Amino acid sequence: MSGRYVVPLCTRLCQAHIHGRNGLITQSFRRRRTDGQRRRHNHHGPRPLATSAAVGIDPNIQNSDSIEQTANDNSNAGPKLNFSDTENSFKTKTTLEICRALAVLKMCSYSYFVDNSFKLMTTSQKILGEYITFRLLKSTFYGQFVAGHDVPTMAMCVERLKLAGIAPEIAIPLEDDLGGPGASDEYRDSRCAENIKVMENCVDQSLQICDNSKPIVMQVRVSPLVQPEVLVKIGELIVKNGYTYADGGPISIQNFAKGLNQVNDKIERISELTDSEFKHLNNTLYRLDRLARHAVSNNTKILVDAEYTYLNPAMTLITLALMYKYNKTEPFIWNTYQNYLKAAHTNISRDIGMSEKLGFTFGVKLVRGAYIDREKERSKQMGYEDPINPDYEATNKMYNHNLVMLLKLIQKHGKRYNMIIASHNEESINLAVNKINELGIDKTDGTVCFGQLLGMCDQVSYALGQNGYLAYKSLPVGTVDEVMPYLARRASENRSILAGAKRERKLLWGELKRRMLKI
């Protein structure tokens, strides 16, 4: 687009910004909220119980009494990255893309828009039709947050990131829609099998668009791959047994690892599961083994996402079983830990202890968490203690404490431990950078990396990439109708991040004005 058209557009946008006028961008998508999605939102799983104590970790590293001290120490030590260099942070964006980012991030800051995104999308499609709706989406929200729909379009996005020293982290936006209440177990199992094949194709796509200069990573959500009732029942047993899943019994890492094979060996019978559920669990382990085998043989790391607290125990057990089999010399399978949970430190410490006891390496994706509103609402409805930290500051302290603990483990044990610091928080990023330098950790060897979402927090990602740190962008991929349900869910889950993107919008305005002055 030439300056003749850009300048008037930018001028109108700046005037709207100055006078507080806000437009409305309507988006839609083909699929309505399905029965499966409603079931996920309303499903009542087990009540959380107290977690067991950690085993095997150096008490000086795991002592939770030092959380307060860690939060206050080292946060201002050493040189900080420059997160205000808009010229470098947005150098791969066109002026029109900056305008788009301002509009999209502003719209996402409105709770009404986020809460009613499904309704607005469907209404838009009814009124405007599919073609116009999809064109609007592709030039706004889809264009802002999605890498593309096929390998060539994804490769274009990846090449632009590569110029800034940023690597891709492919995320297939599968939703856990396994059919309505009347769907048979056979049909739902077949849907899980189809979703696993999609994830296997994701490995192939990653290999096509990534080079070997940086570790290849991909994200996996477990809930679209396993029937939720099975996850809930297993989770209840884990909690009931006090998280003793390294004892070799039916609900253990060792038993689940037996099912990770391609000769269809069965795990030890779990009496609490029905015959159909037990068959589905064995099928799931067989498929996950096929996925993991394909990824590991192609030197691709799998980052397993955390979800709701009533699903996490079972998903963690399955992930640890995959670690037990595949994390022999270095972590290829990583688990996600949500630091907005009061039990975050206990969860990480316990699972690290399990890895030490059973002799496998350990990978961590460290996040704050995205399900806060629904977790709080569910705890009130079911009458148990809110699992979420009392405030954002407590979550920051938890995150920074666990961050430092893991960095110390990496310094002590090298590549036995890997971590991706998945955060948009500049304070935590600076703390991590300073600690990496203080502890003498190689910032390029893959033991520590950083991750942010595509379309957000470029000032952090670009600063990290241009200073030689391993920085990744999470890249959702797919067609408009495939991706928009995922984006709508993520907008709802990440409302606090989107609503708090004031600094990013300020930086975008600064860069836009800088370019206009140059013109």
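Is Leu-128 buried, partly exposed or exposed? Keep that in mind while you set up the viewer. You're looking at a predicted model, where local features need pLDDT of at least 70, side-chain atom pairs count only at pLDDT 80 or more, and totals for chains, interfaces and linings use all residues. Residues are numbered from 1 along each chain as its sequence is written, and side-chain values use heavy atoms, with hydrogens and water left out.

**Stop one: Leu-128.** Select Leu-128, which sits in helix H8 (helices are DSSP runs of H or I with at least four residues, strands are runs of E with at least two, numbered from the N terminus). Leu-128 is partly exposed because its relative accessible area is 37%; buried means under 20%, exposed over 50%, and partly exposed in between, with a 1.4 Å probe and protein chains only.

**Stop three: strand E1.** Now jump to residues 166-171, where six of six residues are buried. Ile-166, Pro-168 and Ile-170 point one way, while Ala-167, Glu-169 and Ala-171 point the other.

**Last stop: the partners of E1.** Show strand E8 (471-476), which runs parallel to E1 and is joined to it by six bridges (strands pair at two or more DSSP bridges). Find Ala-171 opposite Pro-476. Then pick E2 (216-220), also parallel, with three bridges to E1; Glu-169 has Val-217 as its bridge partner there.
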